[in-house]
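Take a walk through the charged pairs of this chain, then through one of its helices. Keep the model open as you read.

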Amino acid sequence: MSTVEQPCYTLINLPSDVEVPNEVALRQDLEKGDVRTKTEALKKVIHLILSGEKLPPGFLMTIIRFVLPLQDHTVKKLLLVFWEIVPKTFPDGRLLQEMILVCDAYRKDLQHPNEFIRGSTLRFLCKLKEPELLEPLMPAIRACLEHRHSYVRRNAVLAIFQIYKNFDFLIPDAPDLIFELLQGEQDMSTKRNAFMMLIHAHQERALEYLSSCIDQASTFASVRYEAAGTLVTLSSAPTAIRAAASCYIDLIVKEADNNVKLIVLDRLIALREHPAHEKVLQELVMDILRVLGATDLEVRKKTLDLALDLVTSRSVEELILVLKKEVSKTHNVIEHENSGKYRQLLVRTLHSVCMKFPDVSLQVIPVLMEFLSDTNELAATDVLVFVREAIQKFPNFRAQIIQNLLESFPTIRSVAVHRAALWILGEYAATADDIQSVMTQIRQSLGELPIVESELKKKAGEETDADQLAEVIAPTAHVQKLVTADGTYATQSAFSAVPGGGSGVGGSRKEKEPPPLRKYVMKGEFYIAATLATTLAKLSLRYRTLITDTKKINRFAAEAMLIMASILHLGKSGLSASAMTNDVAERIQVCLQVLAADSPMMSDVFIRSSRQALDNMLKAKTDMEDQQRKSALNKKRGLLVQPDDPISFQQLLARNELGDKEDIFELSLTQAVGSKKPEGADLSSSKLSKVLQLTGFSDPVYAEAYVNVNQYDIVLDVLIVNQTSDTLQNCTLELATLGDLKLVEKPSPLVLAPHDFCNIKASVKVSSTENGIIFGNIVYDVTGAASDRNVVVLNDIHIDIMDYIVPASCTDTEFRQLWADLAWENKVWGRLPRSNQVQKGFVMVKLTLFNHFFVFHKVSVNTNITELRGFLEHLIQSTNMRCLTPSKALSGDCGFMAANLYAKSIFGEDALANLSIEKPLNKPDGPVVGHIRIRAKSQGMALSLGEKIRTSQKVTKPAPSEKSGSVSAA
């Protein structure tokens, strides 16, 4: 280039439709405007300078007089940009006279009491290239090395480094100055900057400092982490594993960064995969539980899972004590989202421990019963799930569990917990005393019967029988003697001491809260009424087998029928907030008929069949857990060496005979030094399988890209080949993105010789789980050509959502909770029946946001899968989701299937799907029909997953020789 251009420091986008500001208006705003007006005017001046405009004479002095003295932080940051880009010299290279005033202003900023202003000014000085401006500021820069705040010291080191590198005569003793700073500095970032300066400016001083602190390297967290990993690689001795595990635990406890905790915790979990290492880690269970002191929920979850896998009969008692202590801690903290989830984790861990070691159940059950009164419904529900399983599997503990549950029953606050507790009490109350105790609790929780008559009396202002009874008892109530200020005695009755005002029985009656079961049914929550009716029917039928007195049996049955009839009457009376549904009413009527008919067959259904169904469900759950445990154990055993396996000597074997039993350390070392080349590499696992062609072979520039999808970013390695005989100048790869993708940096222009090639790497940041598109073109100039720039358009690169989704698992309760919480729903219909509104062979995608916002979309679909199970397996394989429905529930052939699918993204987002399909009645051999409902955390994820499912249904037709019912590959 013939002319020398000014260096470009800063790039600021300026819209093309912005009007060029007037010089007079700008000067007026800078001189007489307020702070906000001056800020906007200064931004316009910066845009003008970056656009190549020259400042008018005297304009620089206007900014110095009216803008530079301002103390506003935004103005000061803009001034840093302004002084960076504004010309500071005359055309002959002499410094402008106005810059002396600017230099004095920044000397004052370097002495400003605000550390942010000092640090920002020091960062600005790193970019100055005029030694005349820097020389008067050197004493102030030196003084910043002794500032109390690390932000100032850190930037002072950077400023001295840049000044010494460009103008070493301004501060010749900079290496000695920084070396002295390093000796007493405590801030790690400041020490890093200072050490980096010594490496580039004075390596002897850097080596001297390194030799003085090499003994302290063992205390650095990163050094200890690498040392522990190296120790595990080099040795499998128990002492080495114990030392490495102890180091990992200590790092997790002491490090404050949650990301560091998770990384080190994953390494600790990886140690457990080796059977010999697992025995050593079992001795460190109590040390591992120290990690529970962390506040991050994910760290606690992984810690509890690891401790649960490592606990043995020798350490289970200590584990229970620690978990009980953690449970007590959760009761004394401020309620927030993570505390409730942590309680739920503790409950599930105690549940698993009790199932694994039944002897400790009696110690755990009283502690867990305290959660029934908790406001967190999830933890209380998990407690009852544990109680249900424990009372079924451990008959010896049933009496104790029933007693604890009866004691905790009045403190329950949630309708779902009350419903589950009623079912357990009705199913397992086996003695006459327990049955009477349950009935007493039910009567107390319902209040006065009949409910309708008592409620009508309250509305009419009449006193009910319960109120009259209270008035009779009032004179004999407990009376407390109090001493007044003058020494005389005063009396206070328990019935007159009503908090919040109101005296006597009347005030107590107005503020008295109704009993829990009565409150539920008055609010219209009649689902618990169906559970209550079933519980009363079971209690009455079992009471008949325990008592021979006919009067007691009839009295108990009459009381149960009175309760059911009263609730049934309330549901139809209109006094409740909502009417009773027909299903609940029918259930109560069935229970009434069972008690009235006294049929042995119905007694067997209520007493025996119900418990047998629960037993079958728990057995299926246990079988599934045992199967998963066996598969994991077999996977571990597959890594072991059998006694009759040959011993592999690396020196005596060919390179291709090492197999899976080779020394990993030796293999890594061989690959690192490059003495081994892969032979017969699989093409599908190489980079060639991930190469995408971006241009055609006949294009002047050929391009192809290797797409490497990492966890949070995508790296594009683009090969560009010049297929012409011309030299391509300013050859630039221009990329753009659609979706939640962001190009990190713009690739630099290149010069390509004739028939030359080069590789360009571009990084794209991924911020969410949804489909994205990367598109762009290659722009270049040809030497000597008079035409415009040449453009080659590239093929689009589609980023698939499947790259970010991994199978995950959760319990049925968690799935239902997530299904209710997640907002975005995408409904994909498999094949719709022919009708006037919907044509055959169409898929309907319905997007639902729970504020009554609906979006409908129709696309055609073609599927020939005729087997229900085959369609499910094909869907799981295509979407990378996991089926949560047990295999036994999917077994058999009944013509329809319902299954739940679950997956998680690498960003922690949940994706749920519910499959409902069936075989058409009129075409038994035809394709399956039904729909798939998808719910996800974000709209993009729901739509992308729905699109993936829609396209994956387009399977190839099977060959004519195959059976019509086979499932073709996608």
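In this predicted model, Lys254 and Asp250 join their side chains in a salt bridge, 3.3 Å from N to O. Both sit in helix α14 (residues 238-254), four residues apart, so about one helical turn separates them. Their surroundings contrast. Lys254 counts as exposed because its relative accessibility is 61%. Asp250, at 14%, counts as buried.

The structure holds 23 salt bridges. Another one pairs Arg443 with Glu559, at 2.8 Å from N to O. Arg443 belongs to helix α25 (residues 432-446) and Glu559 to helix α31 (residues 550-573), so the pair ties together parts 116 residues apart in sequence. Arg443 is partly exposed, at 29% relative accessibility. Glu559 is partly exposed too, at 22%.

Now turn to Glu455 and Arg518. Their closest N and O atoms are 2.9 Å apart in a salt bridge. This pair also links distant parts of the chain: Glu455 lies in helix α26 (residues 451-460) and Arg518 in helix α29 (residues 516-522), 63 residues apart. Both Glu455 and Arg518 are buried. Elsewhere, shared partners join Asp104, Arg107 and Lys108 into one salt-bridge network.

Which charged residue is buried yet has no salt bridge? Lys261, in helix α15 (residues 258-271). The nearest side chain of opposite charge to Lys261 is Glu255, 7.8 Å away. Among the residues Lys261 touches are Ile252, Val253, Ala294 and Val299.

Finish at helix α24 (residues 415-428). Its 14 residues reach 20 Å from first C-alpha to last, close to the 20 Å expected. Ser414 caps the N-terminal end, with a side-chain oxygen 3.4 Å from the backbone nitrogen of Ala416. In α24, 10 of the 14 residues are buried, so the helix is largely enclosed by the rest of the structure. Those buried include Val417, Leu422, Ile424 and Tyr428.

Notes: Residues numbered from 1 in each chain as written. Predicted model: local features only at pLDDT ≥ 70, side-chain atom pairs only at ≥ 80, totals over all residues. Heavy atoms only, no water. Helix = DSSP H or I, 4+ residues; strand = E, 2+ residues; numbered from the N terminus. Expected span 1.5 Å × (residues − 1). Buried < 20%, exposed > 50% of the residue type's maximum accessible area, 1.4 Å probe, protein only. Polar contact = N/O pair within 3.5 Å; in protein donor to acceptor, adjacent residues only side chain to side chain. Lys, Arg positive; Asp, Glu negative; His and termini not counted. Salt bridge = Lys/Arg side-chain N within 4 Å of Asp/Glu carboxyl O. Contact = heavy atoms within 4.5 Å. Lists of a residue's contacts leave out its neighbours within four places in sequence.
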